[in-house]
Amino acid sequence: MKIKIIGIGSYIPNLEVKNTDFDKHVFLNEDGTPFGYPNEVVIKKFKGITGIENRRYAEPQYNASDLAFFAAEKAIANAAIDAETLDYIIIAHNFGDVKPGTTQSDILPSLATRVKNKLGIKNPKCVAYDIIFGCPGWIEGVLQANAFIKSGMAKRVMVIGAETLSRVVDDHDRDSMIYSDGAGASILEASTDEAGLLAYESATYATDEANYLFFGKSYNKDLDPDTKYIKMYGRKIYEFALSNVPCAMKSCLDKSGIAIDEVKKILIHQANEKMDEAIIERFYKLYDKTAPKDIMPMSIHDLGNSSVATVPTLYDLILQGKVEGHEINKGDVLIFASVGAGMNINAFVYRY
C-alpha cells in the first residue's frame, strides 16, 4: 500500500515586504553594538546569501490558524471531498497563534482544533492535533499520515503547515529579514495506482545541535530581556545541513529503489538559497553526478522562509503552473526534504 496526496492548497498573505523596506531598521550585533556599515550593505549581502528579495506577512486580522483554514479550504476543494470524511487533521507549526505586537504564543485550543471548528466539521472521530517539529513539520505530518493510513487507523488525513514567523522576530537582528508567513495544506489517502509515497527518512539530532535554533532576547539591550524572539546560529545550521541532509536524502532514495537519474524535481525547505543549492550539489556528488539544471524549484526569492509552509506551498504553486520553468507530470518522481529546529531532518520520495 502507498499513500498519495489527493488535494493541495496554499495561502500566501497579501502583505508584500521588500528588502528595501528594511532600510530604516536599526540592526545590531549580538552584543548590542551597531554594524560598522549601512543597511544598504547589510541588505545586499543578505540577498546574495539567501536569495530573498521579498517576503509575505500575514494581514494583522489573521493568525496562523486562519492561514491554515484558508489553505485547508483550498485543499478540500482541490480534492473534491466532503470534509466530514477526514479522519485526522494534523497541523504543523512552531509558535501557535501570535497576535501582532506580541510574541506570546496561543495554542489553547490547538490550531488543529481551531481549523476543524472553522471548517464546521461535526464528526467527533475526526481527530485534530498539532505537531511541533521545526521547519520539517509538514513533512513529518505526512509521514504520520502514512503510518495512520497503512495501519488502518485512518483512510483520509489532512496535513497542514502554517506559520506567522514575522511576529516572533527581533527587528534588530538582520536574520529577521529571512522569515515570512504562510500556510500549505494537503489531503492524503491510500493510493489505488502507482502514485504515492515510496520511501522516507526522519531523524532528530539533539546533542550538540539541540539549541541551534532557540528563543532568545533582543539584540537591543534597552528592550525587556524577558521578551523572547526566534534566534539561530546560522553558520552551525549551514554546516549541519550540508553534512546531514544530503545523506538522509540518499538513504531515502536508495530505500525507494529509484535511480537518481529518474528524479525529476527536489522540493526542499526554502531556508536559504545558497544552502539549498549546496545541499543539492552535495547530494548529487554522493552518486558521482552533477545536479541537473532546474532540478530544484525555488520560491524563497519572493516568499521568504515561512518554515513549515514552504514545502507544501511550493508544491501547490508548481501544480498551479505558477513557478516559471517548472512542472510536474504524471509518473514524475519527486524528493521532498527539510531541515530545521530540533535539529530535525526528514525526506520522502514520491511518485506523482
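## Helix 5 and helix 6

In this predicted model, helix 5 meets helix 6 through Ile237, Tyr238, Ala241, Leu242, Ser243, Val245, Pro246, Met249, Lys250 and Leu253. On the helix 6 side the contact is made by Lys274, Met275, Ala278, Ile279, Ile280, Arg282 and Phe283. Contact means heavy atoms within 4.5 Å. The residues of this contact divide into 13 nonpolar, one polar and three charged. Here Ala, Val, Leu, Ile, Met, Phe, Trp, Tyr, Cys and Pro count as nonpolar, Asp, Glu, Lys and Arg as charged, and the others, Gly among them, as polar.

Two packed helices are described by the angle between their axes and the distance between the axes. Helix 5 covers residues 234–256 and helix 6 covers residues 273–285; they pack at an angle of about 40 degrees, with their axes 9 Å apart. Axes are lines fitted to C-alpha atoms, for helices over the stretch in contact, and angles run from 0 to 180 degrees between N-to-C directions. Helix 5 and helix 6 are therefore oblique to each other. Angles under 35 degrees count as roughly parallel, over 145 as roughly antiparallel, 65 to 115 as roughly perpendicular, and the rest as oblique. Helix 5 passes helix 6 in a right-handed crossing. A crossing is right-handed if the near helix is turned clockwise from the far one by less than a right angle, and left-handed if anticlockwise.

## How the model was read

Residues are numbered from 1 along each chain as its sequence is written, and side-chain values use heavy atoms, with hydrogens and water left out. Local features need pLDDT of at least 70 and side-chain atom pairs count only at pLDDT 80 or more, while totals for chains, interfaces and linings use all residues. Helices (H or I, at least four residues) and strands (E, at least two) are DSSP runs, numbered from the N terminus.

## The four-stranded sheet

Helix 5 also lies across strand 8, strand 11, strand 12 and strand 13 (344–351), and runs at about 145 degrees to strand 8. These strands form an open sheet of four in the order 8-13-12-11, with mixed pairing. Two strands pair if DSSP finds at least two bridges between them. At the edges are strand 8 (196–204) and strand 11 (263–268), each of which pairs on one side only. Neighbouring strands of this sheet are turned by 15 degrees against each other on average, direction ignored.

Strand 11 and strand 12 (residues 333–340) run parallel and are joined by five bridges. Lys265 has Leu334 in strand 12 as its bridge partner. In the loop between strand 12 and strand 13 lies Met343. The peptide bond from Gly342 to Met343 is cis, with omega near -5 degrees.

A second open sheet has five strands in the order 1-7-6-4-5, with mixed pairing. Strand 1 (3–11) and strand 5 (127–131) stand at the edges with a single partner strand each, so one side of each has no neighbour in the sheet. The twist averages 20 degrees from one strand to the next. Strand 4 pairs with strand 6 (residues 156–164) in the parallel sense over five bridges. Ile89 has Met158 in strand 6 as its bridge partner.

Helix 8 (residues 310–319) packs on this sheet, touching strand 1 and strand 7, and its direction makes about 90 degrees with that of strand 1. Helix 4 (residues 137–151) lies across strand 1, strand 4, strand 5, strand 6 and strand 7 (181–190), running at about 165 degrees to strand 6.

Helix 2 and helix 3 pack at an angle of about 55 degrees, with their axes 9 Å apart. That makes helix 2 oblique to helix 3. The crossing of the two is right-handed. Among the residues in contact are Ala64, Phe69 and Ile76 in helix 2 and Leu111, Arg114 and Leu119 in helix 3. The contact residues divide into eight nonpolar, one polar and four charged.

Ala80 lies in the loop between helix 2 (64–79) and strand 4. Although Ala80 is not a glycine, it has a positive phi of about 55 degrees. Pro109 is in the loop between strand 4 (88–92) and helix 3 (111–119). A cis peptide bond joins Leu108 and Pro109, with omega about 0 degrees.

## Domains in the record

UniProt, in an unreviewed entry, lists "domain: Beta-ketoacyl-[acyl-carrier-protein] synthase III N-terminal" at residues 129–203. This span is 20% helix and 40% strand, and its end C-alpha atoms lie 21 Å apart. For "domain: Beta-ketoacyl-[acyl-carrier-protein] synthase III C-terminal", the unreviewed UniProt entry gives residues 253–352. Residues 253–352 are 31% helix and 22% strand, with end C-alpha atoms 15 Å apart. UniProt positions are given in the numbering used here, feature names are shortened, and annotations may be inferred rather than shown by experiment.
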